[in-house]
Amino acid sequence: MTVLKIDSSARVEGANSRIITDYLVQQLGQPVIERDLVKNPLPPISPQDLVGVHGSHQDDRASLQQHLAMSNTLIAELQQADTLVLGVAMYNFGVPAYLKQWVDYVCRAGVSFRYTQNGPEGLTGVKRAFIVTASGGTPIGGDWDFASRYMEHICCFLGITEVVHIDASGSKGSPEVVIASARQQIDALLAQPEVEEA
Ligand SMILES: Cc1cc2nc3c(=O)[nH]c(=O)nc-3n(C[C@H](O)[C@H](O)[C@H](O)COP(=O)(O)O)c2cc1C
């Protein structure tokens with residue numbers, strides 16, 4: 001059982017999402033692969049290479065080959081994991097640009113998903129995802145939340161069948177309250193046998 005933990009808050013210190021993903025992986029108690037999209041930013045993809053990466057184009061252009069290699073590395077991290085832990089900071093009602101960049105690297109036709117007669121099918125093999133979404137005043141799961149719902153959609157697209165949300169909204173107030181609430185949600189989730197055994 002391996003956990004892939006992804007952090008995306010621009011705040012390297014004192015980020016609610018980072019404190020909560022750290023707590024979550026500690027409680028899961030499994031080997032962790034860490035991918036920090038802020039401390040180690042992914043190389044930006046040019047428009048031309050983005051199309052090539054998405055379709056796994058057979059083109060020996062050097063920049064495309066470098067981006068395909070990066071994409072292979074990130075997809076391999078997913079394939080090694082049973083559980084994905086996503087730390088999402090809500091920025092302007094959506095996800096941080098660095099997290100969107102990760103999505104663009106890992107969604108690869110024929111590699112991490114394929115098209116079937118019944119629609120797209122995810123191929124990563126990850127069983128469950130915990131999406132920790134930190135926001136200020138925007139309620140998680142509400143009409144203005146395009147962050148947690150977007151990441152849930154991407155998880156399902158990649159074949160992850162069990163997606164659980166941790167609500168870390170309310171950073172305009174005290175961080176202690178946000179973190180205590182998230183810890184309670186995590187403790188309650190991990191006490192459920194079906195989540196523990198997934
Ligand atoms: C660029 C930027 C945009 C933000 N946009 C929103 C927003 O649309 N809705 C919201 O509730 N909070 C917004 N916030 C506040 C953050 O979501 C909030 O501080 C959250 O706790 C950030 O995650 P972190 O604590 O893990 O760093 C924004 C903050 C920044 C820096």
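**A pair of packed helices**

Helix α2 (residues 47-54) packs against helix α3 (residues 62-80) at an angle of about 50°, and their axes lie 9 Å apart. The helices here are DSSP runs of H or I with at least four residues, numbered from the N terminus, as strands are runs of E with at least two. Axes are lines fitted to C-alpha atoms, for helices over the stretch in contact, and angles run from 0 to 180 degrees between N-to-C directions. The angle makes α2 oblique to α3, because angles under 35 degrees count as roughly parallel, over 145 as roughly antiparallel, 65 to 115 as roughly perpendicular and the rest as oblique.

The model is predicted, and its local features need pLDDT of at least 70, while side-chain atom pairs count only at pLDDT 80 or more, and totals for chains, interfaces and linings use all residues. Residues are numbered from 1 along each chain as its sequence is written.

As α2 passes α3, the crossing is right-handed, a term for a near helix turned clockwise from the far one by less than a right angle, anticlockwise being left-handed. On the α2 side the contact is made by Asp49, Gly52 and Val53, and on the α3 side by Ser63, Leu64, His67, Leu68 and Ser71, where contact means that C-beta atoms, placed from the backbone, lie within 7 Å. The residues of this contact divide into 3 nonpolar, 4 polar and 1 charged; Ala, Val, Leu, Ile, Met, Phe, Trp, Tyr, Cys and Pro count as nonpolar, Asp, Glu, Lys and Arg as charged, and the others, Gly among them, as polar.

Elsewhere, an open sheet of 5 strands has parallel pairing and the order β2-β1-β3-β6-β7, two strands being paired if DSSP finds at least two bridges between them.

Key
Two residues are in contact if their C-beta atoms, placed from the backbone, lie within 7 Å.
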